[in-house]
Amino acid sequence: MLVNMNEVLRPAKKGHYAVGLFNAVNLELARGIISAAEATRSPVIMGTAEILLPYGPLDEVSYYLIPMAKKANVPVVVHLDHGLTYDTCVKALKLGFSSVMYDCSTDTYEENVRKVKEMADLAHSYGATIEGELGHVGDNEGSAEGSNHLDDPSKYFTDPSLAKDFVDKTGVDALAIAVGNAHGAYKLPPKLDFERIRTIAKRVDIPLVLHGGSGLTDNDFRQAIQDGISKVNIFTDINVAAVEAEFKKFSSMDKGLIDLIPAAVEAVKQATMNKMKLFSSDGKADTGKNTMFSEDNIDTLTKLVAQEIAKYMKN
């Protein structure tokens, strides 16, 4: 069933587990992710990122992501990750994505707040949720998610003293934080600032997001989730798992694409299931909620309509 992030992340925050976001730039990835979620009875966030659109255009990706989410027997969020432009985020909302991330983290704090607040209002009018980023998560070399390498990532760590102000002013539903994490495969073991995670979690009342999850140790994940992370982004792990499975299957030139597809789907399923169990989201699927028309979303839409009526009456 298609839901927005509030419907899976609020229970995760309350229950001290995390829900994974797994990017699906093609049908094989999407099939593996959905199959894993249904097999483990786990809620899941599935989507793509703006930097990945050359590999799967947004409208084409929407043709399979949204119908698959609606058909699934577990809650599935269809999310645009790292939307870098206003137009891309708006397009995702119009296509039916139930959640967007508007990444303005490289802007000044004031611009980040202004732009994300504008997008939050729009996303909520669609019944969708929005994720913002405070601080900036960089990229490891060769990352598919981007190429913004940072000489000293600690310079861009999230400032806990600004977190509550950012959340209050923007109205975001989830907050991505920079605490020593990075996109892509790590060449050296990352050192997460767990104390920073704990401090931010105490200061804001919305779910926190950890980007750059592929390559962290199991203990890193467990500690980060215990300290306040409710959403973990994964792509490199499942992307590599699919290719490794195809290489093993492609043993001779008489193999065709249809011989490789099942292997890729199964590899993605197994890699995704492993993460779901690690994040303790397995068995947490709540099939009793009514997709995009939950009580939270109806309340939000009602407030927005009332605000617009009030503006009209003043004029």
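Predicted model: local features only at pLDDT ≥ 70, side-chain atom pairs only at ≥ 80, totals over all residues.
1. The largest nonpolar core holds 82 residues, and Leu65, Ile130, Leu175 and Ile238 touch the most other members. Helix H10 (residues 257–278) supplies the largest share of this core, 8 residues. Apart from this core lies another, of 15 residues, including Met5, Leu9, Val77 and Ala176. In soluble globular proteins, nonpolar side chains tend to be buried together.

2. Beyond its neighbours within four places in sequence, Ile238 is in contact with Phe22, Asn23, Leu29, Ile33, Val268, Ala271 and Thr272.

3. Some overall values set the context. The protein has 315 residues, of which 56% count as buried, and its secondary structure comes to 11 helices and 11 strands. Among contacts with a separation of 6 or more, 73% are made by residues 24 or more positions apart. The accessible surface comes to about 14,300 Å², and carbon and sulfur atoms account for 53% of that surface.

4. Strand S11 (229–234) deserves attention. Of its 6 residues, 6 are buried. Strand S2 (residues 19–23) pairs with S11 in the parallel sense over 4 bridges, and Leu21 stands opposite Asn233 of S11. Strand S10 also pairs with S11 in the parallel sense, over 3 bridges; here Leu210 stands opposite Val232.

5. Leu208 is placed in strand S10. This residue counts as buried because its relative accessibility is 0%, a value under the 20% limit for that class. Leaving aside neighbours within four places in sequence, Leu208 is in contact with Leu175, Ile177, Ile197, Ile200, Ala201, Gly228, Ile229, Ser230 and Lys231. Leu208 and Gly228 are 20 residues apart along the chain, and their C-alpha atoms are separated by 6.6 Å.

6. Helix H7 (residues 194–203) has Phe194, Ile197, Thr199, Ile200 and Ala201 among its residues, and these five are buried. The buried residues of H7 pack against helices H1, H6 and H8 and against strands S8, S10 and S11.

7. Glu195 forms a salt bridge with Arg198, with the closest N and O atoms 2.8 Å apart. Both residues lie in H7, 3 residues apart, which is about one turn of the helix. Glu195 is partly exposed at 44% relative accessibility, and Arg198 is partly exposed at 28%. Salt bridges with shared partners join Glu195, Arg198 and Asp227 into one network.

8. Where does Glu131 lie? Glu131 is found in strand S6 (residues 129–134), and at 0% relative accessibility Glu131 counts as buried. Its side chain meets that of Lys231 in a salt bridge of 2.8 Å, N to O. Glu131 lies in S6 and Lys231 in S11, so the pair ties together parts that are 100 residues apart in sequence. Lys231 is likewise buried, at 0% relative accessibility. A polar contact of 2.7 Å also joins the side chains of Glu131 and His211. Not counting residues up to four places away in sequence, Glu131 touches several others, among them Met5, His79, Tyr102 and Ala176.

9. The count of salt bridges comes to 10. One of them joins Glu111 and Arg114, whose closest N and O atoms are 2.9 Å apart. These two residues are separated by about one helical turn, because they are 3 residues apart in helix H5 (residues 109–125). Glu111 is partly exposed, with a relative accessible area of 31%, and Arg114 is partly exposed, with 45%.

Technical notes: Residues numbered from 1 in each chain as written. Heavy atoms only, no water. Buried < 20%, exposed > 50% of the residue type's maximum accessible area, 1.4 Å probe, protein only. Contact = heavy atoms within 4.5 Å. Pairing = 2+ DSSP bridges. Core = buried A, V, L, I, M, F, W, Y, C linked by side-chain atoms within 4.5 Å. Areas by Shrake-Rupley, 256 points an atom, 1.4 Å probe, with all protein chains shown as cover. Polar contact = N/O pair within 3.5 Å; in protein donor to acceptor, adjacent residues only side chain to side chain. Salt bridge = Lys/Arg side-chain N within 4 Å of Asp/Glu carboxyl O.
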